[in-house]
Amino acid sequence: MTRLSNYVILTLAILMVSAACISMARSSGADGGSTSSDRKTSISIMANLHTTEVPSDRIEKWIEEKTGVQLNIQWVPDGSYDEKVFASLATGTLPQALYLKNAASLSYFRDEIRSGLFWEIGPYLKDYPNLQRLKPEVLKNTAIDGKLYSLYQERALARSGIIYRKDWADRLGLSAPETLDDLYEMLKGFTYNDPDNNDIDDTIGLTDRNDLIYGAFKTISSYYGTPNNWGWYNDSLQPEFVFPKYMETMKFFKKLHNEGLINEDFPITSKTDQLELFVTGKAGVYIGAMGDVLSLESRLLANDPKAVLDVHNRVLGPEGYGIWASQGYGTVILFPKSAIATEEELKSVLSFYDALMSPELANLMYWGIEGIHYTVQDGKAMAVDAFELREKDVKPYQALMAGGFSTIPGMLQPVNTNQVKDKAERLIYDNESFLIYDPTAPLESPMYNEIGVRLNERIRDATYQFMLGMIDEQGFEAEIDRWLEEGGRQIIEEYNASYRSTVGPYLHDKYR
């Protein structure tokens with residue numbers, strides 16, 4: 001019995017006790033691929049509702065008019081979405097288009113997909129001009145055993161970079177760090193050269209937190225050329241922490257810690273406290289999502305109206321430029337065979353999603369109706385200053401999109417009146433020219449699913465212990481040996497076996 005099957009049984013028990021988990025539904029009509037009295041194609045959809053109320057049908061009516069499709073949308077509150085999905089799976093009442101809650105949810109459906117409950121759509125995508133633009137490297141990350149079963153909602157592949165105090169850098173004669181040595185010199189200058197000009201030794205270079213992924217560590221590790229979670233060594237997949245570049249990254253952080261260039265307690269610092277150090281003028285560099293610059297700037301200016309921030313993404317390391325890539329999707333859309341009985345019906349549903357990836361409908365779903373929800377300024381979209389209207393009419397429909405800004409030419413970019421925020425958005429897309437992919441994203445290791453999180457916590461702890469000087473290289477190697485002995489060796493074998501079994505039409509050289 002699979003993990004999902006166990007979850008379904010538990011969910012059904014809960015649903016028998018309480019009806020609170022049942023979704024809100026506005027539309028009426030058949031759930032399956034029936035046609036209405038006026039012969040319109042009817043498509044049923046289950047979508048996650050992130051707002052407090054079911055949206056008005058204003059956008060829905062526009063979509064129906066443009067596509068000639070009658071929509072039957074089940075809006076399910078986010079808090080009960082998984083329960084509704086699993087219950088529908090168990091009772092055979094899935095819609096024709098099933099949106100999973102998030103990217104992580106896909107792993108729970110692997111066995112059900114393998115069992116044939118969902119359509120394989122990979123062979124059909126070439127027949128749809130808009131669906132063809134979905135990125136092969138992102139589609140690969142959604143593949144199960146090398147086959148495609150889903151469309152995806154786009155998320156930026158790499159948001160990470162450097163946010164720094166430009167006013168401090170200017171005062172010290174420093175430019176944006178072009179190399180790792182430049183970054184070190186900036187952190188040193190921000191710590192010891194009185195960048196705030198108050199004659200007090202009260203600043204540090206880098207503020208970081210207890211997160212090896214979304215904190216500074218993984219981004220700087222990318223600059224060194226470390227693989228993204230897993231990498232290739234002698235034609236075998238190996239975990240990132242066995243590579244010399246991982247050790248170099250730890251030594252860099254150990255040096256920062258020894259020299260006082262980073263908050264001393266960064267292994268136990270929360271994100272809230274990390275941000276507080278930055279916005280109160282105690283630290284000059286924040287490494288993480290570049291989009292955070294807008295909120296950081298707002299809070300910083302409240303404390304220091306003369307402060308100036310800048311963003312930077314290209315730091316040259318020993319392997320050239322590099323930045324770790326996410327999976328590139330926020331969620332996926334599956335197509336259940338229980339609701340789509342024939343290939344003809346599947347093609348009809350895919351045609352609908354091909355239409356949703358047209359610029360006209362993508363802008364409608366993301367921005368709303370021009371003149372009501374947004375205006376166009378210099379070829380970009382400016383949302384109207386009416387939060388409740390956009391929440392009621394537009395925001396829920398963003399959850400129905402396929403693809404996104406980089407896969408839909410003509411989709412309107414937002415007007416960013418804030419210059420540094422606008423620069424951050426440009427650099428996020430610039431990151432895509434030197435991405436480091438995780439080759440195990442579409443692969444599976446049963447042992448990793450069972451004990452991988454626990455084993456990785458051991459490596460996480462050992463990484464922090466090394467950076468704090470609590471263990472040396474021998475001590476870290478001993479932790480790797482323990483990782484191997486307690487299941488890691490089998491995880492390596494399973495990932496490599498999974499890779500070999502999925503070599504096929506969705507394999508791309510960039511993963512090697």
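Figure 1. Trp-75 is buried, its relative accessible area being 0%; buried denotes under 20% relative accessible area, exposed over 50%, and partly exposed the range in between (1.4 Å probe, protein chains only). Tyr-397 is likewise buried, at 0% relative accessibility. This is a predicted model, in which local features need pLDDT of at least 70 and side-chain atom pairs count only at pLDDT 80 or more, while totals for chains, interfaces and linings use all residues. Residues are numbered from 1 along each chain as its sequence is written, and side-chain values use heavy atoms, with hydrogens and water left out. The structure contains 26 aromatic pairs. Rings of Phe, Tyr and Trp (its six-membered ring) pair if their centres lie within 6.5 Å, and planes under 30 degrees apart count as stacked, over 60 as edge-to-face and the rest as tilted. Trp-75 and Tyr-397 form an edge-to-face pair, with 5.3 Å from centre to centre and 85 degrees between the planes. Trp-75 belongs to strand S3 (residues 69-77) and Tyr-397 to helix H15 (residues 395-398), so the pair ties together parts 322 residues apart in sequence. Helices (H or I, at least four residues) and strands (E, at least two) are DSSP runs, numbered from the N terminus.

**Figure 2. Surroundings of Glu-240.** Glu-240 lies in the loop between strand S9 (236-239) and helix H9 (244-258). With 16% relative accessibility, Glu-240 counts as buried. Leaving aside residues up to four places away in sequence, Glu-240 touches Lys-218, Thr-226, Pro-227, Asn-228, Asn-229, Trp-230 and Tyr-246; contact means heavy atoms within 4.5 Å.

Figure 3. Four strands, in the order S7-S10-S6-S11, form an open sheet of mixed pairing; two strands pair if DSSP finds at least two bridges between them. Strands S7 (204-207) and S11 (309-312) are the edge strands, each pairing on one side only. From one strand to the next, the twist averages 25 degrees. Strand S6 (residues 160-165) pairs with S11 in the antiparallel sense over four bridges. Tyr-164 has Asp-310 in S11 as its bridge partner. Helix H7 (residues 180-192) packs on the sheet and touches S6, S7 and strand S10 (283-289), its direction making about 120 degrees with that of S7. Axes are lines fitted to C-alpha atoms, for helices over the stretch in contact, and angles run from 0 to 180 degrees between N-to-C directions.
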